[in-house]
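Subject: Handing over a structure

Hello,

Here is the structure I promised to pass on to you. Please open it first, and then read on for what turned up in it.

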Amino acid sequence: MPARTAEASMEADESPATTSPWHTPGELSVEEWFELNERAGDGSRYELINGSLIVSPAPLPRHQLIGDNLRSVLQDAAPDDLVAITAMGLLLDGRPGVIPDVTVVERRPIRDGATVARPDWVRLAVEIVSKSTTAMDRMVKPAKYAEAGIPYFWRVEMSPFRGQAGDRLPVVFTYRLDEDGQYQLTHRIGAGASIVLAEPFKVTVDPAALAWL
């Protein structure tokens, strides 16, 4: 689904048959962002990046399965002060916001009732690449996560892509933020391999198991 700018979406939503979700023209509050995602009704995700409203279709079952399985793996391994959550909103620059497929975040603010994560609470953000969101998941979102200072980023590939010859799917790529604020690749884990990672905490990653029903 092609990206839509906030301005274009506003024009569409201001038609007589539709009420605009924007109470303040040109700026979407967190509450309005939640409302926009809830109103979708079909599982579509609405994210705002660099002033543009990005609309993505609901993830396919295999995408959801991998996300749910990975969340369970991370949750089982996480220390007590962290929790793994799927599809939780994440503020960028103090504003709405993106929705990582899986987020590992500090437990305390979630326990205290936070409905959206702030970058300084996030230890790890994960994106599972879909055909409709390839550029966003491989380039745009990682750049925003790095800019926000999130220390670890993982990307899960479900389909073959350039340079992936010989890898069994799915493939998990893990990255660590360096001193220059750039993500550096630390592991490339194809299905059939099982690796014990030390960061962001000790966890065993077996990509093949993520796709098991």
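Of the 213 residues in the chain, 47% are buried, where buried means under 20% relative accessible area, exposed over 50% and partly exposed in between, with a 1.4 Å probe and protein chains only. Before you go further, please note that this is a predicted model, in which local features need pLDDT of at least 70, side-chain atom pairs count only at pLDDT 80 or more, and totals for chains, interfaces and linings use all residues. Residues are numbered from 1 along each chain as its sequence is written, and side-chain values use heavy atoms, leaving out hydrogens and water.

The overall picture

The chain has six helices and 13 strands; these are DSSP runs numbered from the N terminus, helices being H or I with at least four residues and strands E with at least two. Among contacts with a separation of 6 or more, 50% are between residues 24 or more positions apart, a contact being heavy atoms within 4.5 Å.

The sheet

Six strands make an open, mixed sheet in the order β4-β7-β8-β9-β10-β11; two strands pair if DSSP finds at least two bridges between them. β4 (82-86) and β11 (183-190) are at the edges with a single partner strand each, so one side of each has no neighbour in the sheet. From one strand to the next, the twist averages 20 degrees.

At one end, β4 and β7 run antiparallel and are joined by five bridges, with Ala 84 partnered by Val 104 in β7. Four of the five residues of β4 are buried, so this strand is largely enclosed by the rest of the structure.

Further along, β8 and β9 are parallel and share six bridges, and Ala 125 stands opposite Phe 153 in β9. Six bridges also connect β9 (residues 152-157) with β10 (residues 171-177), this time antiparallel.

Two helices are worth a look here. Helix α3 (residues 61-77) packs on the sheet, where it touches β4, β7 (102-106), β8 (122-129) and β9, and its direction makes about 175 degrees with that of β4. Helix α5 (residues 134-147) lies across β8, β9, β10 and β11, at about 170 degrees to β8. These angles run from 0 to 180 degrees between N-to-C directions, with axes fitted to C-alpha atoms, for helices over the stretch in contact.

Around β9

Which way do the side chains of β9 point? Tyr 152, Trp 154 and Val 156 point one way and Phe 153, Arg 155 and Glu 157 the other, and all are buried. In general, side chains of a regular strand alternate between the two faces of the sheet.

Arg 155 has Phe 173 as its bridge partner in β10, and also lies over the face of Phe 173, at 4.3 Å from the ring centre (the rule asks for NZ of Lys or CZ of Arg within 6 Å of the centre and within 35 degrees of the ring normal).

There are three aromatic pairs, counted when ring centres of Phe, Tyr or Trp (its six-membered ring) lie within 6.5 Å; planes under 30 degrees apart are stacked, over 60 edge-to-face and the rest tilted. The rings of Tyr 145 and Phe 153 have centres 5.8 Å apart and planes at 45 degrees, so this pair is tilted. Ring pairs link Tyr 145, Phe 153, Tyr 175 and Tyr 183 into a cluster.

Best wishes
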